[in-house]
Amino acid sequence: KPLVILTPKSLLHHGPCSSSLESIEEGTMFSEILVDEDFDNTTKLSSQTDLMSTTAFRQLIEQDNRVPQVAVKRVLLCSGKVSYDLRQGRRKRKLGSSVVIVRFEQLAPFPFEQMSWLSQQYPNAEFVWVQEEPKNLGFWTHVQPPINLALRDKASVDAVCHRDGSKRTARFVGRPISASSAPGCFNVHREGQKQLIDEAFAGL
């Protein structure tokens, strides 16, 4: 079958945007999401945990004895290039112990089972969807319903509700609603990018 890759040109020469040969050897599987934990503030590629296709994911969960990471304050959900900007922002702010970055490699069908596991793995965390696109573009309107449903699925009342009693739902970070997908000016784009990265880590 033909392979079609849509990617920003900047990632073609970006060092961290690479994979080992072992990740594509026989017996490996497509990973629907990548969980990037950096509790020691090293931001190494080896810190990524693959949550694979549904069958392999169930096998992984059955073997996973990790306790919930109650110290994690925020989980940043995203897809694509912005994950590298978030990793750089986390390292710059030294927030590895309190921020986890999750990159979705598949959005349709939505990996609901994996998202439900994330909700239980980080019970005290705020979940934030981060995208470069304006709010009315990108994937936000597609992922918001299943993410919010997963945050309420198979979890205790304490985990599902905030301290004020409100339901735990995902928050949006990105550019405001716009009729255009790009500002048409690199300096404006760069400033907008800086603002959304700052907002993603605000309050930590």
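Colleague: Contact means heavy atoms within 4.5 Å. Take the contacts in the chain between residues at least 6 apart in sequence: what percentage join residues at least 24 apart?

Modeller: That comes to 75% of them. Before we go on, this is a predicted model, where local features need pLDDT of at least 70, side-chain atom pairs count only at pLDDT 80 or more, and totals for chains, interfaces and linings use all residues. Residues are numbered from 1 along each chain as its sequence is written, and side-chain values use heavy atoms, with hydrogens and water left out.

Colleague: Okay. How many helices and strands are in the chain?

Modeller: The chain has six helices and six strands. They are DSSP runs numbered from the N terminus (helices are H or I with at least four residues, strands are E with at least two). Going along the sequence, the pattern reads β-β-α-β-α-β-α-β-α-α-β-α.

Colleague: And how much of the chain counts as buried?

Modeller: Of the 204 residues, 39% count as buried. The cut-offs are under 20% relative accessible area for buried, over 50% for exposed, and partly exposed in between (1.4 Å probe, protein chains only).

Colleague: At what angle do α3 and α4 pack?

Modeller: About 45 degrees, with the axes of α3 (residues 112–121) and α4 (residues 140–151) 8 Å apart. An axis is a line fitted to C-alpha atoms, for helices over the stretch in contact, and the angle runs from 0 to 180 degrees between N-to-C directions. So α3 and α4 are oblique to each other. For the naming, under 35 degrees is roughly parallel, over 145 roughly antiparallel, 65 to 115 roughly perpendicular, and the rest oblique.

Colleague: Which residues of α3 and α4 make the contact?

Modeller: From α3 you get F112, M115, S116 and S119, and from α4 there are P146, I147, L149, A150 and L151. Sorted by class, that contact has seven nonpolar, two polar and no charged residues. Nonpolar covers Ala, Val, Leu, Ile, Met, Phe, Trp, Tyr, Cys and Pro, charged covers Asp, Glu, Lys and Arg, and the others, Gly among them, are polar.

Colleague: Now another pair. How far apart are the axes of α2 and α6?

Modeller: They are 10 Å apart, and the two helices pack at about 60 degrees. That makes α2 oblique to α6. On the α2 side the contact uses V82, D85, L86 and R93, and on the α6 side it uses Q193, L196, I197, D198 and A200. By class, this contact of α2 with α6 has five nonpolar, one polar and three charged residues.

Colleague: Switching to the backbone: is the peptide bond from A108 to P109 cis or trans?

Modeller: The bond from A108 to P109 is cis, with omega near -5 degrees. P109 sits in the loop between β4 (99–104) and α3. For background, most peptide bonds are trans, and most residues other than glycine have a negative phi.

Colleague: What about phi of K94?

Modeller: Phi of K94 is near 55 degrees, which is positive in a residue other than glycine. K94 belongs to the loop between α2 (82–93) and β4, and K94 is exposed at 66% relative accessible area.

Colleague: Which residues do ring pairs link into a cluster?

Modeller: F104, F110 and W129 are linked into a cluster by ring pairs. A search of the whole structure turns up three aromatic pairs. Rings of Phe, Tyr and Trp (its six-membered ring) pair if their centres lie within 6.5 Å.

Colleague: Last topic. Where is I177, and which residues is I177 in contact with, leaving aside neighbours within four places in sequence?

Modeller: I177 lies in the loop between β6 (171–175) and α6 (186–200). With those neighbours set aside, I177 is in contact with P134, K135 and N136. I177 and P134 are 43 residues apart in sequence and 5.1 Å apart in space, C-alpha to C-alpha. I177 is exposed, at 64% relative accessible area.

Colleague: And is L34 buried or exposed?

Modeller: L34 is buried, with a relative accessible area of 10%. L34 is in strand β1 (residues 31–36). From C-alpha to C-alpha, L34 and I101 are 8.3 Å apart in space, though 67 residues apart in sequence.

Technical notes. Rings of Phe, Tyr and Trp (its six-membered ring) pair if their centres lie within 6.5 Å; planes under 30 degrees apart count as stacked, over 60 as edge-to-face and the rest as tilted.
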